[in-house]
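The structure is shown first, and the description follows.

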Amino acid sequence: MALPIYADKLERAWHFTYKVICTAVFIFLIAPIIVVIPLSFNVEPYFTFTTKMLTLDPEGFSLRWYDNLLTLGITDVEGVRDSTWWADVWANASWVKAAKNSIIVGFFATILATTLGTIAALGLSRPEMPYRKLIMAILISPMIVPIIITATGLFFFYSATCVSPDSTIGSLLAPILSYRGCLANTYFGVILAHATLGIPFVIITVTATLVGFDQSLPRAAASLGATPRQTFFMVILPLILPGVVSGGLFAFVTSFDEVVAVLFIAGPEQQTIPRQMWNGIREAISPSILAVATILVIISIGLLTTVELLRRRTERLRGVTPS
Amino acid sequence: MTHADQPDQGQEPELLRTADGLLLQTALNRVSRRAKIKAFLLVLPLLAFILVSFVAPIGQMLLRSVNNDQFYSNMPELTLWFADKEFGVEPDEMAFTALAADLTFAAKERTAGSVGTRVNYDLPGSRSLFTSAARKAKGLNPPFKDAFIKINKDWVDPELWAAMHAASATYTSSFYLAAVDRKRDTDGSIIQVDENRRIYVQLFWRTLWLSGLIAVLCLLLGFPVAHLLATLPMRKASLLMILVLLPFWTSLLVRTTAWMVILQGQGVFNNILVSLGIVADDNRFELMYNQTGSIVAMTHILLPFMILPLYSVMRTIPPSYARAARSLGATSWTTFRRIYLPQTIPGIGAGGLLVFILAVGYYITPALVGGASGQLISNQIAFHMQDSLNWSMASALAAILLAAVLVLYWLYDRLIGIDNMKLG
Amino acid sequence: MRKLLILSTALTTVGFAASAEQVTVMSWGGAYGVSQVEAYNKPFTAATGIPSTMVDSDNPATPIKAMVEAGNVTIDVADVELSDAIRLCDEGMLEVIDHAALPDGADGTPALEDFVDGALMSECAVANIVWSTVFAYDTTKTSGVKSLADFYDLAKYPGKRGLRKGAKANLEMALMADGVPAAGVYDLLATEAGVARAFAKLDTIKSDVVWWEAGAQPPQLLADGEVVMTTAYNGRIFNAAVGEGKPFEIVWDGQIMDFDLFVIPKGTPNKDAAMKYVAFATGTQPLADQARYISYGPARKSSAPFVGKFKDDKTDMGPQMPTAAANLSNALANDFAFWADRDTELSERFNSWLLSN
């Protein structure tokens, strides 16, 4: 913001202060995220800057914590790094397992949330939608209700919701339920929980995209003989796709970052990255956490860039859509 | 009477009909009803999903806050004795006979611990009465009252019998009472618990007060930044916006870890101050494991939720208003106070409420950096879920927190509208 | 339904469905968890072919009860303290373990005689180690600390203190610091006046305490300089001091000794494998091997001759054990009966005390 030419001395001073304040807030926002990166290369196993690091002595830095991410939990830590060693890492290393779990859960939860959420958003954006406000409020509520309450409710619900493994449905569902036929401690349960938590984000982003959506376009398509299916895939979806994808990304990040529900409803088989981090921060002394944090920061930079590009695309598309 | 009932009276103009003879009004109604159903059918799968995977579990949990079967399903005889007694009736020999029978059974089934735990919720210090009596229950002989007095004279304590009476009911309000530091006296009246056990009311206030403080801090820090972003040219603003969005997209645990690294006694912040000579090495600031830790880390984590709504409102305020005010002779302060600030109120409301709602339910960050004084009500819910295993108490606390959050949510909807919630 | 099927197929193909026999062990994490993986889990899997997983917890006794009550048991073996083992066994949360079926000692002594006194106290548990709660300080920050009274002397030794966030051990140590001899602690604590006195003593340092929950935290708090003294599990301090060269010193005055025992939660899906694991891990050799990684004493007498040096092959483990004669001058054995009965009540009271101003 440029200062008007008629500004007096006091205003100039204030304007300077204002800029200093803004800079300070920006530093406050970004510094904590930057600070973990050098610390993840610390030789010492503690969360502090050593004198060697501060003097930029190469001896103060190492990749040991990144290496640790591969070796934690495998049988032969010191072994020769041949193909069997790497196979061991892939199958047994705690962080690798956690990463796989996070990706599996995140992927399916995102698919579920995005599909259901997008279809619902289409309904919610129609002017005819009855009880719109109330339904919208219910659908957004998983974002508002404290996670500890949701997790507590799911803990009881998942422990009690069981089908007998001997029944027809039970045997059919056996691969996705626990040995007792319950939702607790299953991938399926965690996926359902994470989908629930991700849905509000999909609803918000997709309905926002649909605000500028020209409702006469599907009608035009229908009048030209398109089936509802064709209308959806060939007219509606391409236009709202950026919104759907960013909604999906939000849902994925929500799942990828979620720890409380996992603490309550997941078993040892479903350890995710945040769960492993939680363990690490509270229990085992290891700056491997900072190495993971650094990797996660890089991932979030990637996701942020994608969403920004998508948002710009929507705005561009908005420009050519008559409204 | 509607027009449809008397179409031929001719006093009004001819009613419009569709090609197949239907009244236009009816046809339109039908079409709009069909459109309504179609729209609703699109939403239905998700609504059903949320109702089953979210609303039902929470409802089921709420039931647990008024229903705890640890006592009455393990102590059937005594429960039966209590069933037709007034509150506060003195236990007779019958009662003690029932108690002996139940405890013998409990010892065999290994449920005396559960029973004792349940009564202990209402009368702290009574659990060991049950476990130790259960161990001796088999060898008890009538008259049972004297036998129990011999084990421990607390067995004739009216408070104990009041607590057992309360626990024998299928539905109880005692967990809600306990959640607001109240209990039932032996005569059934509601009184405050002992002074050194009053913790929850204080904790609820602390949660609200800290959340409010964090919302205000976010506003103070977020306002100038949002204003800067809204008034800078688009290109520059998008660049700076990244500094707001990156934290928003970064994992909560990563950010909390980062604050632990920064705030601890030997952490980055203190190290810098010491090396600059601002504080002495042995006199470092205590910024973590206390309220300060919770406040700083939560303000950082929630700040983007304040900046983004503020920014989107400020973006729409035309700069010409301020210029007009200045040209009419207003000082810059007056212009800000009378012209600019009022127009940002919707953004302040949206951001402030959102931050407040999210802060009230925070768990992870206070658990890691809050120490004892920085704990919020969510941490206590987790404590009762995972450590004390008093699940009914956890549910009661959760219900109260949920009620508070829903009121705020309703307020948000009334003032801002859920539809206007924006992300990034 | 179709979606479910697709999902289920997908998950099965990825290979994450429940598989054959395996053992999931829940223990206390950190250096102790590592010692168990090295001494028990790896040899167990090598000997039996049954895969074993280690899961960390602040205190494995707590999740057991939650799991069994919710009908949702995900671990097969847990490592708990004696009072918790007795309490959980009383409450029907644990499987009964046939002690006679445990293997004989390496010298041929039958299992029932080979274990030290109290190690087989509960019919649901088998002890593996003797450990103790001690306090330790950073020798670069302070020196001359001798007794528990010094721990509570903020004037003489200023600085933050670390304490475990719980009633057990803290109450006893508070009384001992207040001048109660070890022998009289539990008699006093059985009275309301004794409990009040312990809390009153804790009050004197309350505002200077950093509370820890996981056993790995105290050495971290010392290393970070967050505290100058902290209570801790003796093995964790030993590993940080000897294993990682940290300037930490253990004060054995007023140490509280306890057993850690293996228990099997009721309703585990892998009961047989769990029994095999417990029998294997509490054998003479694994118990002796365990002492190679951390300074906890084996619960079998026949293991003693095999206890040698730390994994660095330099440090003698004998004097580092809680049971070494030099460390026993003012030691207290944890009264398991007291805590089995009173833990719930005193924990609740502790929690109220902690939250009130």
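Chain C contains 14 helices and 10 strands. The model is a predicted one. For the 357 residues of chain C, a compact globule would have a radius of gyration near 21 Å, and the chain has 21 Å, so the two agree. The C-alpha trace of chain C spans about 65 × 55 × 40 Å along its principal axes.

Chain A is built from 14 helices and 0 strands. Read from the N terminus, its elements run α-α-α-α-α-α-α-α-α-α-α-α-α-α. Chain A has a radius of gyration of 25 Å, well over the 20 Å that the globule rule gives for 323 residues, so chain A is more spread out than a compact globule. Along the principal axes, its C-alpha trace spans about 85 × 70 × 40 Å.

The remaining part concerns chain B. Two packed helices are described by the angle between their axes and the distance between the axes. In chain B, helix H13 covers residues 291-314 and helix H15 covers residues 332-360. How do the axes of these helices cross, and within what distance do they come? The axes of H13(B) and H15(B) come within 8 Å and cross at roughly 155 degrees. An angle over 145 degrees counts as roughly antiparallel, so H13(B) is roughly antiparallel to H15(B). The crossing of H13(B) and H15(B) is right-handed.

Which residues make the contact between H13(B) and H15(B)? On the H13(B) side they are B:Met298, B:Leu302, B:Phe305, B:Met306, B:Pro309, B:Leu310, B:Val313 and B:Met314. On the H15(B) side they are B:Thr344, B:Pro346, B:Gly347, B:Ile348, B:Ala350, B:Gly351, B:Leu354, B:Val355, B:Leu358 and B:Ala359. By class, this contact of H13(B) with H15(B) has 15 nonpolar residues, 3 polar residues and no charged residues. Gly counts as polar in this classification, and B:Gly347 and B:Gly351 are among the H15(B) residues in the contact.

Terms used. Residues are numbered from 1 along each chain as its sequence is written. Chains are lettered from A and ligands numbered from 1 in the order in which they are written. This is a predicted model: local features need pLDDT of at least 70, side-chain atom pairs count only at pLDDT 80 or more; totals for chains, interfaces and linings use all residues. Helices (H or I, at least four residues) and strands (E, at least two) are DSSP runs, numbered from the N terminus. The radius of gyration is taken over C-alpha atoms; the globule rule is 2.2 Å times the number of residues to the power 0.38. Axes are lines fitted to C-alpha atoms, for helices over the stretch in contact, and angles run from 0 to 180 degrees between N-to-C directions. Angles under 35 degrees count as roughly parallel, over 145 as roughly antiparallel, 65 to 115 as roughly perpendicular and the rest as oblique. A crossing is left-handed if the near helix is turned anticlockwise from the far one by less than a right angle, and right-handed if clockwise. Two residues are in contact if their C-beta atoms, placed from the backbone, lie within 7 Å.
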